[in-house]
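Please read the following walk-through alongside the sequence and the coordinates. It goes from the overall layout to single residues.

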Amino acid sequence: MAAAFDLGMMLNTAPSANMVQQIACDLLTPYHNHMFALYDGERLEDMVESIRKNGVLTPLIVQPLSGGKYEILIGHNRWNASKAAGLATVPAIVKQGLTADEAEMYVIESVSYTHLRAHETRRHL
C-alpha cells in the first residue's frame, strides 16, 4: 500500500531546498510519465515572445537524475518555450529526495492548476 501523500511535508522543506538556480536547458528532460500536450501554435508563440521580453518569471520545479540531468516536474511549457526563445538556461528549484508518489503529485498539481487557470480565464472574459 502506498504511503499517504503529505503536502505539508513537501512545503515545509529547508529554505536552501527552495533556492532558485539556473540550469542548462540541455540538462533537463520531461517527466517520464508526462501526461499532457505541450503548447503549440499561437499559444506557444505568445509564451516564446513573453519569455524573450520578460525572461522566465516562474522557476521550473525539477528533481535530479543520474548523470547530472534533471527531470521536469512543473514547467514543461516554460522549458519548451525557453528553448524556442534561444535561452541556454532556465530558473529552477531542485527538489531532492522525492518519492515517486511525491514527484507525481507535483506533476498532477501542475496539470490541475493549468486547467483551473484556463477555466477561470474563460469565465472572466
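The mean pLDDT is 84, with 75% of the residues at 70 or more. Confidence is highest in β5, at 98, and lowest in helix α1 (residues 7-11), where the mean is 57. Where pLDDT is low, the predicted coordinates should not be read in detail.

The secondary structure consists of 4 helices and 5 strands. Read from the N terminus, the elements follow the order α-β-β-α-β-β-α-β-α. Of the 125 residues, 33% count as buried. The accessible surface is about 7900 Å², and carbon and sulfur atoms account for 56% of that area. Among contacts between residues at least 6 apart in sequence, 83% join residues at least 24 apart.

The sheet is the next topic. Its 5 strands form an open sheet with mixed pairing, in the order β1-β5-β3-β4-β2. Strands β1 (20-24) and β2 (28-29) stand at the edges with a single partner strand each, so one side of each has no neighbour in the sheet. Strands of a sheet pair through backbone hydrogen bonds, either parallel or antiparallel. Both senses occur around β3 (residues 60-64): β3 pairs with β5 in the parallel sense over 3 bridges, and with β4 in the antiparallel sense over 4 bridges. Valine 62 has valine 94 of β5 as its bridge partner, while proline 64 is bridged to tyrosine 70 of β4. In the hairpin of β3 and β4, 5 residues lie between the strands, and glycine 67 takes a positive phi near 75°. Tyrosine 70 is also the bridge partner of leucine 28; the strands concerned, β2 and β4 (residues 70-74), pair in the parallel sense over 2 bridges.

How enclosed is β3 by the rest of the structure? Of its 5 residues, 4 are buried, so β3 is largely enclosed.

Helix α3 (residues 76-84) lies across β2, β3, β4 and β5 (89-94), and runs at about 120° to β4. This helix is also largely enclosed by the rest of the structure, because 7 of its 9 residues are buried. The buried residues are His76, Asn77, Arg78, Trp79, Asn80, Ala81 and Ser82. Their cover includes the strands β2, β3, β4 and β5, together with helix α2 (41-54). After α3 comes glycine 86, with a positive phi near 90°.

In soluble globular proteins, nonpolar side chains tend to be buried together. Here the largest nonpolar core has 18 residues, and those with the most contacts inside it are Ile23, Leu28, Leu60 and Val62. The elements that contribute two or more residues to this core are α2, β3, β4, α3 and β5. Another core, of 9 residues, lies apart from it and includes Ile61, Leu73, Ala103 and Val107. Valine 62 gives a local view of the packing: leaving aside residues up to four places away in sequence, its contacts include Ile23, Leu28, Tyr70, Ile72 and Val94. Glu71 and Lys95 are also among the residues that valine 62 touches.

Lysine 83 belongs to helix α3. Is lysine 83 buried, partly exposed or exposed? Its relative accessibility is 38%, so lysine 83 counts as partly exposed; the range for that class lies between the 20% limit for buried and the 50% limit for exposed. Lysine 83 and cysteine 25 are 58 residues apart along the chain, yet their C-alpha atoms are separated by 6.9 Å.

Histidine 32 is in the loop between β2 and α2. With a relative accessibility of 58%, histidine 32 counts as exposed. From C-alpha to C-alpha, histidine 32 and leucine 73 are 9.3 Å apart in space, and 41 residues separate them in sequence.

Note on methods: Residues are numbered from 1 along each chain as its sequence is written. This is a predicted model: local features need pLDDT of at least 70, side-chain atom pairs count only at pLDDT 80 or more; totals for chains, interfaces and linings use all residues. Side-chain values use heavy atoms; hydrogens and water are left out. Two strands pair if DSSP finds at least two bridges between them. Contact means heavy atoms within 4.5 Å. Axes are lines fitted to C-alpha atoms, for helices over the stretch in contact, and angles run from 0 to 180 degrees between N-to-C directions. Buried means under 20% relative accessible area, exposed over 50%, partly exposed in between (1.4 Å probe, protein chains only). Accessible areas come from the Shrake-Rupley method with a 1.4 Å probe; for residues, only the protein chains shown count as cover. A nonpolar core is a set of buried Ala, Val, Leu, Ile, Met, Phe, Trp, Tyr and Cys residues joined through side-chain atoms within 4.5 Å. pLDDT is the predictor's confidence in each residue, from 0 to 100.
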